[in-house]
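This briefing is meant for a reader who is meeting the structure for the first time. Please look over the sequence and the model below before going on to the notes.

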Amino acid sequence: MSTLKAVRGTRDLLPPETVLWNRVEATARKVFARYNFGEIRTPIFEETSLFARGVGEETDIVSKEMYTWEDRARAQSEKSQSLTLRPENTAGVVRAYIEHKLGETGQLQKLYYIGPQFRRERPQKGRYRQFWQIGAEAIGPPSAGSESPLRDAEVLEMLATFLDELGITGWTLELNSVGSAADRARYNETLRAALEPLAPKMCADCQRRAVTNPLRVLDCKVAEDQPIIATLPRIADSLDENSRAHFAQVTAALDAAGVPYKLNPRLVRGLDYYTRTTFEFTHGGLGAQNALLGGGRYDGLSEAIGGPRAPGIGFAIGLDRLVLTLQAQEAAQNAASPQAAEKGHAYIAPLGEGLNAAALALARELRRKGLTIELGDGSFRLKKSFEAAERAARRIVILGEDELKSGILTVKDFASGIQTKVARDGLAEFLGP
Ligand code: AMP
């Protein structure tokens, strides 16, 4: 029988790598809480039409990357429906915002999520079919200040703080404005006209996009098309006075807060719902897939999926890529100054299987006091216990009949080689913190 493996583009995350994942997630929760963001968890699958209407039919995500299936009816009274594994989480959050009438609170809603997303992309380093995103959305009625450029600047400042606190060095914030829906419509027409004579020389996707949604031509990754794309008109020239003023206020607030950024007039992002501010944080260490995270404003998304007017701004961080970046950074640091891997406080070695139960009781006592304890097994010879203990913990605690009766335990410290007799009462204090 052939052995079963994880599906192409998916992977298992094992310790010790998961320690890093947990650290990133914990840092996100801690930093976002300081900005008063609360967690939202939406389902992993939604109705297909949510993404078709929200993300856009002509985007790569919707046109070729979604995992969609016809979900059969289980009873006569049910209808079958088309469902999709979420390729991103903003549409789901906005759906929940509408469904739970969060706009009626009159308050700006600040929500973050952490979870897997699914896209049928060609797998490569930093690009998977199941990948993880940490994202956040600030959304609400205009009366709650949801359109204010200060919200954009605050979200960008929060991201810069998050990356700095994680210890990611060398990130670049690339920033652009794609304007209002009207600006984009105007720009799309300008592009359509500019592309008419050029499209026949471009890839098949671009030829189609040049007619259906010219903005998406700017997402093209085909190398031969890039010189043509470089000659196309810039979106900045299609922005009206309001959009320009909004963007100027975003950059002014970033300047005041000391958050560095680079203007990138070609940054349009691959999802149709973006309006005005759009951004990516990139990192040179990632190679071809260099976007650590991306986001922007989506002032019309709620209406596009049948909700009230609810402008918003948000982002999605690629957790897989963030971890890759941290791993590369830490490997470089460890090569410079190797550190001992994180080890437990102690390994308890019962001397004989008859002491296993007593060893569990002792381990329970110590773990409840917050110590990390590795529990050995009485069937091991002492030599094997010592070898196992040294790999897993800083000290070994020997538990034999005598120790159990007297309540005095033998503890050996591996770093110093010193052996000490310690009363059971004082053991936790001796081993900790
Ligand atoms: P997007 O939702 O396309 O704006 O992507 C936001 C971020 O998610 C990107 O900047 C990446 O870091 C990450 N990302 C998107 N697609 C993938 C993928 N297939 N595999 C890993 N990370 C991804």
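Which element gives the most to the shell around the ligand? In this predicted model, that element is β10, which contributes four residues to the shell.

**Surroundings of the ligand**

- There are 16 residues around the ligand, and those that come nearest are Arg119, Glu121, Tyr128, Arg269 and Ala291.

**Polar contacts and burial of the ligand**

- The side chain of arginine 119 has an N or O atom 2.7 Å from an oxygen atom of the ligand, while for the side chain of glutamine 133 the corresponding distance is 3.0 Å.
- For arginine 269, a polar side-chain atom lies 2.3 Å from an oxygen atom of the ligand.
- The ligand taken alone exposes 480 Å², and the protein buries 93% of that area.
- Two or more residues of the shell come from each of the elements β6 (130–139), β10 (291–297) and β11 (312–318).

**Asparagine 176**

- Asparagine 176 belongs to strand β7, which covers residues 171–177.
- Because its relative accessible area is 6%, asparagine 176 counts as buried, the cut-off being under 20%.
- A polar atom of the asparagine 176 side chain lies 2.9 Å from the backbone oxygen of leucine 267.
- Leaving aside residues up to four places away in sequence, asparagine 176 touches several others, including Ile235, Phe247, Asn264, Leu267 and Thr278.

Definitions and conventions:
Residues numbered from 1 in each chain as written. Predicted model: local features only at pLDDT ≥ 70, side-chain atom pairs only at ≥ 80, totals over all residues. Heavy atoms only, no water. Buried < 20%, exposed > 50% of the residue type's maximum accessible area, 1.4 Å probe, protein only. Polar contact = N/O pair within 3.5 Å; in protein donor to acceptor, adjacent residues only side chain to side chain. Contact = heavy atoms within 4.5 Å. Near = heavy atom within 4 Å. Areas by Shrake-Rupley, 256 points an atom, 1.4 Å probe, with all protein chains shown as cover.
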